[in-house]
Amino acid sequence: VDAAGARDFIALPTADDPALLNLRSKLEAGWRKMEPVGCGHAGLWPDLFEAGQALVKAQFPQFPAGAVEVLPGTGWLAPELQGSAIDWVMRRPEGHVVTSKIHFATRLHRDPDSWTNPRTPQRPRDGWTDLAMPERERYAYRFVNVWVARSAIDPTGQVWQSPLLVCLPRDAGAREWAFDRRKLSMDDAEAEKEFKVKGIDPLKPATWIPGANRMLRPLWNGGNADVKFGGGGGGIDGFGGGAEDEEPLGAEELARFEFPELTPDPGQVFVTGPAMVFDSFDCWHGAGRWEEEDRATKALRDKDTKGRQPFHRARCSIEMRFRVRIDMHAARGASNGNGGGEGGGG
C-alpha cells in the first residue's frame with residue numbers, strides 16, 4: 001500500500017487496534033439480532049456505526065482534525081427512501097440456513113456503480129450527488145467502506161475462502177484504471193444458468209431469494225411476488241424488481257442502462273486482509289478466490305484441522321458504508337493557524 005502511494009485510499013488495521021476491537025465487540029453483540037435482517041440502513045444498528053466511525057477516523061488520521069465528519073451511510077437516496085438504503089450488509093456462506101441477502105460481488109466494482117440491475121430501488125438515481133454531497137462549494141466528500149471478516153482466519157492470517165480484494169489506485173490515484181461499459185441482459189434462461197436453479201425447492205436454500213423474508217421468490221423474479229410474504233416488494237442489489245408503486249422502466253431506459261467493468265491490467269495490485277477500511281469510490285473491489293497448490297492447502301489444514309470442515313472455511317463478513325465530509329473552510333483556517341477559517345468551523 002505504501003509503495004503504491006495508496007495510504008490515502010486504504011488502511012488495513014491490525015488485529016489489536018483498539019477501534020477495531022471495539023467495532024468487533026459491537027458486531028458480536030448485535031449479530032444474532034441483526035442476522036435475520038441481513039442488510040439495511042445505518043439507523044437499524046447505530047452502535048455499530050458509531051464504532052465504525054471511530055475506526056475510520058483512527059485509520060485515516062490524515063483527514064484534517066476538527067474539520068472532518070464521518071457520516072453513516074451513503075446518503076444517495078431521497079429522504080423518504082432512506083429507510084430502504086443498504087448501508088450495511090452481512091455476507092454468509094451459501095449453505096447457511098439463512099442465506100446471504102446479497103451474494104458475494106465477484107464482479108469487481110466501485111460504489112455507486114456496483115448495481116447491475118436498473119430496477120434495483122436502492123441504486124443511485126439522477127441527482128444522487130446533490131443528495132449525498134450537498135454544499136460542495138464548502139465541503140469535500142469521500143466515500144469509505146469498512147469491511148470486517150467474522151469467519152475463521154487461516155494460519156496465514158487471511159480468510160479461508162472468498163477474500164475481499166481491493167485494487168490499489170493507479171499512479172497513487174492520479175489516473176483511472178481503464179474500464180469497459182457493459183450492458184446487462186438477464187432473462188430467465190441466463191439467470192438459471194448463472195445461479196444454477198430452476199425454481200423454488202423448500203429443501204434447498206440456494207433456490208430461495210437471499211434473505212430471511214424472501215424465501216418464496218426465484219432469484220431472478222423481476223416483479224413483486226414477495227410483497228405478501230413480507231419482503232416489501234423491493235429487489236436487493238441486482239435481484240428482483242422495484243417498489244410496488246414505482247413506475248416500470250421502459251425499454252428505452254433499460255436499453256440505456258450500463259455499468260463499468262474493470263479492464264485487466266498487469267500493473268494492477270490487489271490487497272486483502274481480515275479487516276479493511278478503503279475508499280469505495282476510487283478503489284475497485286470484489287470477492288476473489290485463492291489459487292493454491294493442493295499441498296499448500298493441505299499444509300494449512302494440517303496446521304488448523306478445523307480448516308478441513310467446509311463450513312468452518314466459508315467466509316462470513318460485514319461491510320459498512322460511510323461518507324467522510326471535510327469542511328474545507330475550517331481545514332484551510334486550521335492550516336493558516338487562525339482556527340475556523342472563512343465561514344467558521346461548520
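Glu 135 is located in the loop between H3 and S5, where helices (H or I, at least four residues) and strands (E, at least two) are DSSP runs numbered from the N terminus. The phi angle of Glu 135 is near 55°, a positive value in a residue other than glycine. With a relative accessible area of 45%, Glu 135 is partly exposed; buried means under 20% relative accessible area, exposed over 50%, and partly exposed in between (1.4 Å probe, protein chains only). The model is predicted, so that local features need pLDDT of at least 70 and side-chain atom pairs count only at pLDDT 80 or more, whereas totals for chains, interfaces and linings use all residues. Residues are numbered from 1 along each chain as its sequence is written, and side-chain values use heavy atoms, with hydrogens and water left out.

A positive phi, of about 50°, is also found at Asp 171, which is not a glycine. Asp 171 belongs to the loop between strand S6 (164-167) and strand S7 (179-182). Its relative accessibility is 45%, and Asp 171 therefore counts as partly exposed. Arg 175 is likewise placed in the loop between S6 and S7 and is partly exposed, with a relative accessible area of 46%. The side chains of Arg 175 and Asp 171 are joined by a polar contact of 3.2 Å. A polar contact is a pair of N or O atoms within 3.5 Å; within protein, one must be able to donate a hydrogen and the other to accept it, and residues adjacent in sequence count only if both atoms are side-chain atoms.

Ten salt bridges are present in the structure, a salt bridge being a side-chain nitrogen of Lys or Arg within 4 Å of a carboxyl oxygen of Asp or Glu. One of them joins Glu 69 to Arg 325, with the closest N and O atoms 2.7 Å apart. This pair links distant parts of the chain, since Glu 69 is in strand S3 (residues 68-72) and Arg 325 in strand S12 (residues 317-327), 256 residues apart. Glu 69 is partly exposed at a relative accessible area of 34%, whereas Arg 325 is buried at 17%.

Arg 91 is buried, with a relative accessible area of 9%, and Glu 319 counts as buried at 10% relative accessibility.

A salt bridge is formed as well by Arg 138 and Asp 327, whose closest N and O atoms are 2.8 Å apart. Here Arg 138 is in the loop between helix H3 (128-132) and strand S5 (139-149), while Asp 327 is in strand S12; the two are 189 residues apart, and the pair links distant parts of the chain. Both Arg 138 and Asp 327 are buried.

Asp 111 is situated in the loop between S4 and H3 and is buried, with a relative accessible area of 2%. Its side chain makes a polar contact with the side chain of Arg 321 (3.3 Å). When neighbours within four places in sequence are left aside, Asp 111 is in contact (heavy atoms within 4.5 Å) with Trp 76, Asn 145, Ser 280, Phe 281, His 285 and Arg 321.
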